Each structure stands twice: as C-alpha cells, then as structure tokens.
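I am opening my notebook for a new structure today.

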Amino acid sequence: MFRTPARLYRVLAIAEAITWTLLIAALIARAVGAPPIVVTIAGGIHGFVFLSYGATAILVAFNQRWSIGVGVLAVASAIVPYATIPMEIWLHRSGRLKGEWRLEETDHPQDRTWYDRTMRWFLRRAWVLVALIAAAVIALYVILLTIGPPGGK
C-alpha cells in the first residue's frame, strides 16, 4: 500500500484534511446544540491523525533529503486547516516526492551518516519502524490528552 514515500505522504495529507473537516463540523454542531462530546471525539481523531501526519512528514523528509526548511514547512502545514493538500501538491510538482524508499546505500555522501544508515535499517524492517512510530505517536497523544485540549477546557 505504501510502497513509495509519495503514496504514504499523500494518504496522510488527505487524512489530515478529512479530520480537519470532522473537527470543524463538530465545532459547528456543538454551537447549534449538539452535545460537547462530538468535539471531544472529532478532536481526538484529528489529534491522532495530526501527530501521525507529522511523523510521516519527518520520515519522508529524511528519506527524500528535503532541506530543514521544507521539512518544517511540511510539518507546519498541518496547523492550518486543509494546508496539507496544497503542500502535497507542491511537493509532488516540485519533484520532492519522486523516488522510492532508500533501502540501499548509494554514492551520495549522506548515505554514510549514522541517521541515514539507521533509517535504511528501519526501512528494511518496516514492521519495526511502524511499531516504533505508532508507539511514539500514541505516547505523545496520551501525554497531550493528559495535559488537556488546546485552549483548555
């Protein structure tokens, strides 16, 4: 399903936009009389997908060797409702999503860095990478839920 970085990034960018729609719809529903739990549910779903998108953007940024600025912009695009879609389109059109997962070392000087070697090791063992990213997202999600929703209750 996610055989390329472009495919994974696109799916999460679209999912992030969909969850923005859920959250906005829940806020409107609460404003017109729906129980506040609708915002809690939609907000929880959106928060989880938001964190997943951020983790995906970081992974793809490393794999595609984006500059720090492009990587930060990709992560930050999740803050603005629906901005992940134009971000994905721009990344695709500018060729920044072109290519496969970098599973093998090449002649590129960065391929000899510890973080590229580590990334390749995890990409070759995708189940370990997925488990670690999922555990990190879940842990951060639980910590943020414990702290409370953005803006307080």
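Are helix 2 and helix 3 roughly parallel or roughly antiparallel to each other?

**Entry: helix 2 and helix 3**

I kept in mind from the start that this is a predicted model. I looked up the two axes and found that those of helix 2 and helix 3 (residues 68–76) come within 9 Å and cross at roughly 160°. An angle over 145 degrees counts as roughly antiparallel, so I wrote down that helix 2 and helix 3 are roughly antiparallel to each other. The crossing of helix 2 past helix 3 is right-handed. Next I asked which residues touch. On helix 2 they are Y53, G54, A57, I58 and A61, and on helix 3 they are G71, A74 and V75. Sorted by class, the residues of this contact are 6 nonpolar and 2 polar, with no charged ones.

**Entry: helix 1 and helix 4**

I then turned to helix 1 and helix 4 (residues 84–93), whose axes come within 8 Å and cross at roughly 160°. Helix 1 and helix 4 are therefore roughly antiparallel to each other. I noted their crossing as left-handed. Helix 1 brings Y9, R10, A13, I14, E16 and A17 to the contact, while helix 4 brings T84, I85, M87, E88, L91 and H92. I sorted these residues too: 7 are nonpolar, 2 polar and 3 charged.

**Entry: helix 5 and helix 6**

How do helix 5 and helix 6 cross? I found that the axes of helix 5 (residues 114–124) and helix 6 (residues 126–147) come within 4 Å, at a crossing angle of roughly 105°. That makes helix 5 roughly perpendicular to helix 6. W121, F122, L123 and R124 of helix 5 meet A126, V128, L129 and L132 of helix 6. My tally for this contact is 7 nonpolar residues, 1 charged and no polar.

**Entry: the largest pocket**

Last, I went looking for empty space. Rolling a probe the size of a water molecule over the atoms shows where such space is left. The largest pocket has a volume of about 830 Å³. It is lined by 24 residues, and the closest to its centre are G43, G44, G148, P149 and P150. Which helix gives the largest share of the lining? I found that it is helix 2, with 8 residues. Helix 1 (5–31), helix 2 (37–64) and helix 6 each supply at least two lining residues. By class, I counted 15 nonpolar, 7 polar and 2 charged residues in the lining of the largest pocket.

Conventions: Residues numbered from 1 in each chain as written. Predicted model: local features only at pLDDT ≥ 70, side-chain atom pairs only at ≥ 80, totals over all residues. Heavy atoms only, no water. Axes fitted to C-alpha atoms, helices over the stretch in contact; angles between N-to-C directions. Parallel < 35°, antiparallel > 145°, perpendicular 65-115°, else oblique. Contact = heavy atoms within 4.5 Å. Nonpolar A, V, L, I, M, F, W, Y, C, P; charged D, E, K, R; others polar. 1 Å grid on protein atoms, 1.4 Å probe; cavity = no way out; pocket = protein on both sides within 12 Å on 5 of 7 lines; lining within 4 Å. Points joined across faces, edges and corners; volume = space filled by probe spheres on them. Left-handed = near helix turned anticlockwise from the far one by under 90°.
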